[in-house]
Amino acid sequence: MQNDVKAGELDRRIVAALQLNGRASWGAVAKYAGTSESTVLRRAAQLTESGQLRVIGVVDVLRCGLGVPVLVRFRCRPGTAGAVAEAVAARPETRYASVLTGSADCTAELVLPTHSDVARLQLDGLPVGGDVLETETLAVMRTFTSNHDWDSGVLGPDAVAGLRGEDVRPFEEQLWERPPEKLDELDLAIIAALGEDGRMSFKELSRQVGSSESTAARRVDSLVKRGCLRFRTLAEPGILGFAVEFMLWLSVLPGHLDAAGQQLAAHPGTRYLSATTGRFNLVGQVVLRHYGELYRHTTDVVGALPGLQAADVTLQVSTLKRAWTPTPRTILEEA
């Protein structure tokens, strides 16, 4: 039992380090995890093989003009939420999908080519059969913070400074007045390859995309510096010690929206937060370590937001897809 506890704590520190920098060297991960590099390599390999850990490259679709994120809430016939979520998760435009409990039965984030496609989605609906009673579509206007930027708090400020370095612009922070970054065929090939394996070596990357190693390295550095590419560590919150995951759907007076967004984004449990269109104009994904913390989070954190008019909390029962990728549970069920 003691060895299991130690192994769990070590895994937590390894994942937390990779959450801060998915492409950090194994030596750097070992330094902040407090163990040897060989141990980190062994544990990381075991976590990866079991489907509990994966690092992928992700493109900022807004910054690169590749799509528009929208959030969709579903109300379903009793007993069908799981099937609806699975059907939605299977769609290629779905980046995230989960089953909820509360006023909505499941939710998904889709990336659509243009805003006209958002309108078509609202008019035609999602073809998931007669189990869906009602849908509500919210287009993302601005992202305050995202899962890619989140600091789990498992490691201290020295690790944050050493692994993450200088501050970066928020992922998918839309700046509508700026033209999108232009990506050529090589950029897109690099993004696709790193989307499968974010820790791929430059030697292997160059082989896959048909360029020299130095060119591949230079392009990756350019994509990161331009804010087009980030590295996302995929691991379920439970590995990091968070037992509760939920969605916040908030209605905030427009004049207070920015202040409320900044305030809530600064909370350590906020993994994702965006301003959206619709009756809920501030939507977040939050994790807490214990269910008992949910009440105080509602009263003290959500209740203290300026301009708050209404709040809705939906607990995440299960998550099927994150960052385009099936979750470990789905992978294990399909194996």
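**Overall fold and selected residues of the predicted chain**

The chain contains twelve helices and eleven strands, where helices (H or I, at least four residues) and strands (E, at least two) are DSSP runs numbered from the N terminus. The structure is a predicted model, in which local features need a pLDDT of at least 70 and side-chain atom pairs count only at pLDDT 80 or more, while totals for chains, interfaces and linings use all residues. Residues are numbered from 1 along each chain as its sequence is written, and side-chain values use heavy atoms, with hydrogens and water left out.

Confidence is expressed as pLDDT, the predictor's confidence in each residue on a scale from 0 to 100, and the chain averages 91, with 92% of the residues scoring at least 70. Over residues 1-5, however, the pLDDT is below 50, and this stretch has zero contacts in the model beyond near neighbours in sequence, a contact being defined as heavy atoms within 4.5 Å. Over residues 330-335 the pLDDT likewise stays under 50, and the model has three contacts for them beyond four places in sequence.

As to overall dimensions, the C-alpha atoms fill a box of roughly 50 × 50 × 45 Å along the principal axes. The radius of gyration of the chain is 20 Å, which agrees with the value near 20 Å that a compact globule of 335 residues would have; this radius is taken over C-alpha atoms, and the globule rule is 2.2 Å times the number of residues to the power 0.38. Of the contacts with a separation of 6 or more, 77% are accounted for by residues 24 or more positions apart. Buried residues make up 50% of the 335 residues, where buried means under 20% relative accessible area, exposed over 50%, and partly exposed in between (1.4 Å probe, protein chains only).

Valine 58 is placed in strand β1, which spans residues 54-59, and counts as buried because its relative accessibility is 7%. Arginine 271 lies 213 residues from valine 58 along the chain, and the C-alpha atoms of the two are separated by 16 Å.

Two residues of the loop between β10 and β11 were also examined. Most residues other than glycine have a negative phi. Alanine 323, in the loop between β10 (308-322) and β11 (325-326), has a positive phi near 50°, and with 7% relative accessibility this alanine counts as buried. Tryptophan 324 has a positive phi near 75°, but is partly exposed, with a relative accessible area of 35%.
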